[in-house]
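Hello,

Here is the structure I promised to pass on. My notes on it follow below.

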Amino acid sequence: MHIELGQLVPDFSASATGDTTITLSELRGKQVVIYFYPKASTPGCTTEGGDFRDHKKAFDNANTVILGVSRDGLRAQENFKAKQDFNFPLISDKDETVCTIFDVIKLKKMYGKEHLGIERSTFLIDAAGNLANEWRGVKVPGHVEEVLAAAEALHASR
């Protein structure tokens, strides 16, 4: 499955930190940034999450919710969130339901071995639930600022 820009993002419900369930359709009226990261508590994922944390107020001002997603279990997500003082929910997608909707599971190579894993990707959903922007194969430096600029521009255009 691959969602095209401008298409309605299929609804989903997923377990998240803080003993909550995130349901995408319940966030209508707000823009949503969903960023996928390979593994909790690894250097790149920690840096990216910290950048989102540090810019959360600006995202709030742009009427934009931030959601982080990986295949880690809830305990690992809770520990990652607490240790890094993240101020937004992390979704545990062990069964890859959300990953599949956004087509982020890719064949990767590490130390000469191939495995399936999450391609670092970010998606911006507009307040009506449509895919407004996507970034795939993300490099962390400067990425959050680019997503924020897109979220602010989208919010300003309403």
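Of the 158 residues in the protein chain, 47% are buried (under 20% relative accessible area, with exposed over 50% and partly exposed in between; 1.4 Å probe, protein chains only). This is a predicted model: local features need pLDDT of at least 70, side-chain atom pairs count only at pLDDT 80 or more, and totals for chains, interfaces and linings use all residues. Residues are numbered from 1 along each chain as its sequence is written, and side-chain values use heavy atoms, without hydrogens and water.

Fold first. The chain has 5 helices and 9 strands (DSSP runs numbered from the N terminus: H or I of at least four residues, E of at least two). Their order is β-β-β-α-α-β-α-β-α-β-β-β-β-α. The C-alpha trace spans about 45 × 35 × 30 Å along its principal axes.

Next, contacts (heavy atoms within 4.5 Å). Among those with a separation of 6 or more, 63% join residues 24 or more positions apart.

The largest nonpolar core has 25 residues (buried Ala, Val, Leu, Ile, Met, Phe, Trp, Tyr and Cys joined through side-chain atoms within 4.5 Å). Val9, Phe12, Ile34, Phe36, Leu67, Ile91 and Phe102 touch the most other members. At least two residues each come from β1 (13–16), β3 (31–36), β4 (64–70), α4 (97–102) and β8 (121–125). The largest share, 4 residues, is from α4. Another core, of 20 residues, lies apart from this one and includes Ile66, Phe88, Trp135 and Val144.

Phe36 deserves a look. Beyond its neighbours within four places in sequence, its contacts include Val69, Val98, Phe102 and Phe123.

Best wishes
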